[in-house]
Every structure is written in structure tokens, then in C-alpha cells.
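Here are my notes for a first look at this model. Have the sequence open alongside and go through the points in order.

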Amino acid sequence: MKGKLNSGQKFKVECPLIFKILDFVQQGKTNIDEIRCDLSIGKNKIETYNYYLRIMDLVEYEKKEFILTDFGKYILKLEDYPEVYQPLLYYKLCRGWENGGHFYYSRVVNNILYDRYFSADNCIDNSEIREKILDYKYEYENIDEKLVSTVTNGMSSSEGFGYLGVLKKEGRSKYKIYSYKPHYLVCAYILYDIWPDNIGTISFDDIIFGEYNLGRIFFLAEDDITPILSKLHQVNLIKIEDKTGLKQIAKNPNVSAKDILEEICNEYSTDTISN
């Protein structure tokens, strides 16, 4: 979803607010203006969250009305499990603007923070990120570098993606970058969700080094990812193939991304989601 990006979208991701909005929608209160009034938040903030919710595939939106997606229903069931919902929502934001993700999250994470993490120094200042984001003006000419703070605040705050610990504040505007290894079923969902259409296999290198994949968004190296793929092979969610020294994986044709979400819910919750 390539939506319009503007300086009004200056509010960081707050997971508690996301769940409050989703709870309203689940209970039948679906009008954006009614939800805004009940939450006592301003128009700019609710519009920012409208944008976040759609990018995260949590809702569909038409004529001021929200509708929960299947993915949104699963995420609601997993509200008590930040180790599941946070990496999933974070992935949705970081999966690339062209794939429906958030422009600033995608470039800050996949390029700027990733490059710094695997350099000699895994610390970075907000001012550096603001400077480097301008390198991507060819993708979005109306870049507002001030919105970088929305990303770094969202990634590092306890209300946002702080559970993941991928970005920790070290000073007024300085951050330290860390890797995060998601649960193997979360990794399986991400692989299935981002799998290119009409492609039978993808290489280990694509998963480790390719933009918007596991290695890039969670700052994982080959030694981190190989055991995850081995586990997925062991439980028959993927098949590892080794052709002339090139390791690649194939999906299980009898499994869908939705099936994996169901399996996650079965493992983490006593309630399962029915159609």
C-alpha cells in the first residue's frame, strides 16, 4: 500500500493504542471518527494510526469504516505475547514500500541500521540517519528527514517495539543496534508472506542478505539463520535443497501463511481462531 506520507504522520507506533483500536473494531465500533472521540486523540494521530494499521495488514478501510482482516484477528488473539506480535508487526512495517510496507521503517532498518550494525561500530546518531535517508530521495522525492525520529522512537520505546531490543537509546539522540532472533514459527510466517509470486525456491543468501528478509530486518547473520531454517525443515514447513553447493529452500505446498498463524495461536493461546 503506497500511501501518502506527510509531516503530519509524526506519531510513533504504540502497540497499546493499536490494540485499543482493534478491540473497538472487533466489538463493532468501526467508524474512525467515533473511535477517535472515544480515545480522545486528535485527527492527525488517528489518521497516522489508520495508515499504520493498513500497512500492518490489520484492517481494511473504506468510507471511514474499519474492517478487521484475518491477520488482524490473529494478532488480537496474541495480544499477551509480545514475542509474537511485535516481530510480526515490525516485519510488516519493514517489508519495503513497494511491498506495502512503511517507507521510513523499510529504508532505516534494511539499509541504514543494517549497514551500521555489520560495520565496526553498531552505534548511530539520529542526525546520521536523517542525513542518510536523503540518499533515497529517488524513491520518494518528498522525503521529510524529521520523520526518522518517528521510526527510532517507535523501535526503541517500551510502547513500541522495545521488547525486541533491536534499538536501544544510549543518549539524547544516540542509539545502539542489536540483533533479534524471532521464534521459528514467526520466521516461517515471514518467509511465506514475503515469498515472491511464481518462484519455487529461494536461496539461503536471499534470506540472509536480501532486502526485507530475515537477515536484514532483524540484523541476523548466517550463523543465526541457518539453525532457524534447519528447524523449519525438521518440522516440514520448508525443504532445504543443496544444488551444486547452492543452498536453497522450498515451501511446503500444503501449508499457507494463514496455517502458520493458526499454528502460532495453537502454541501460544488456549483459544484458536475459527473461520
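1. In which sense do strand β6 and strand β8 pair, and over how many bridges? Strand β6 (residues 201–203) and strand β8 (residues 246–251) are antiparallel, with 3 bridges; two strands count as paired if DSSP finds at least two bridges between them. Thr-201 sits opposite Ala-250 in β8. Helices (H or I, at least four residues) and strands (E, at least two) are DSSP runs, numbered from the N terminus.

2. Before going on, a word on what you are looking at. This is a predicted model, where local features need pLDDT of at least 70 and side-chain atom pairs count only at pLDDT 80 or more, while totals for chains, interfaces and linings use all residues. Residues are numbered from 1 along each chain as its sequence is written, and side-chain values use heavy atoms, with hydrogens and water left out.

3. On confidence: pLDDT is the predictor's confidence in each residue, from 0 to 100. The protein chain averages 93, and 94% of the residues score at least 70. Where pLDDT is low, the predicted coordinates should not be read in detail.

4. Back to β8, which also has strand β7 (residues 238–243) as an antiparallel partner, joined by 6 bridges. Glu-241 stands opposite Gln-248 in β8. The hairpin of β7 and β8 has 2 residues between the strands, and Thr-244 has a positive phi near 50° there.

5. Now helix α5 (residues 82–94). Its 13 residues should span 18 Å at 1.5 Å a residue, and the end C-alpha atoms are 17 Å apart, which agrees; the expected span is 1.5 Å times one less than the number of residues. Because 12 of the 13 residues are buried, α5 is largely enclosed by the rest of the structure. Buried means under 20% relative accessible area, exposed over 50%, partly exposed in between (1.4 Å probe, protein chains only). Among the buried residues of α5 are Tyr-85, Gln-86 and Lys-92. After the helix comes Gly-96, with a positive phi near 100°.

6. Leu-78 lies in the loop between α4 (70–77) and α5, and is buried at a relative accessible area of 0%. Beyond four places in sequence, Leu-78 touches Val-84, Tyr-85, Ile-264, Cys-265 and Tyr-268; contact means heavy atoms within 4.5 Å. Leu-78 and Cys-265 are 187 residues apart in sequence, yet 7.0 Å apart in space, C-alpha to C-alpha.

7. What about the nonpolar core? The term covers a set of buried Ala, Val, Leu, Ile, Met, Phe, Trp, Tyr and Cys residues joined through side-chain atoms within 4.5 Å. The largest one has 97 residues, of which Leu-58, Tyr-90, Leu-113 and Phe-161 touch the most other members. Helix α9 (residues 184–194) gives the largest share of this core, 10 residues. Leaving out residues up to four places away in sequence, the contacts of Leu-113 include Ile-124, Met-155 and Phe-219.

8. Last, Asn-111 in helix α6 (residues 103–117). Is Asn-111 buried or exposed? Asn-111 is buried, with a relative accessible area of 8%. The side chains of Asn-111 and Arg-107 are joined by a polar contact of 2.6 Å. A polar contact is a pair of N or O atoms within 3.5 Å; within protein, one must be able to donate a hydrogen and the other to accept it, and residues adjacent in sequence count only if both atoms are side-chain atoms.
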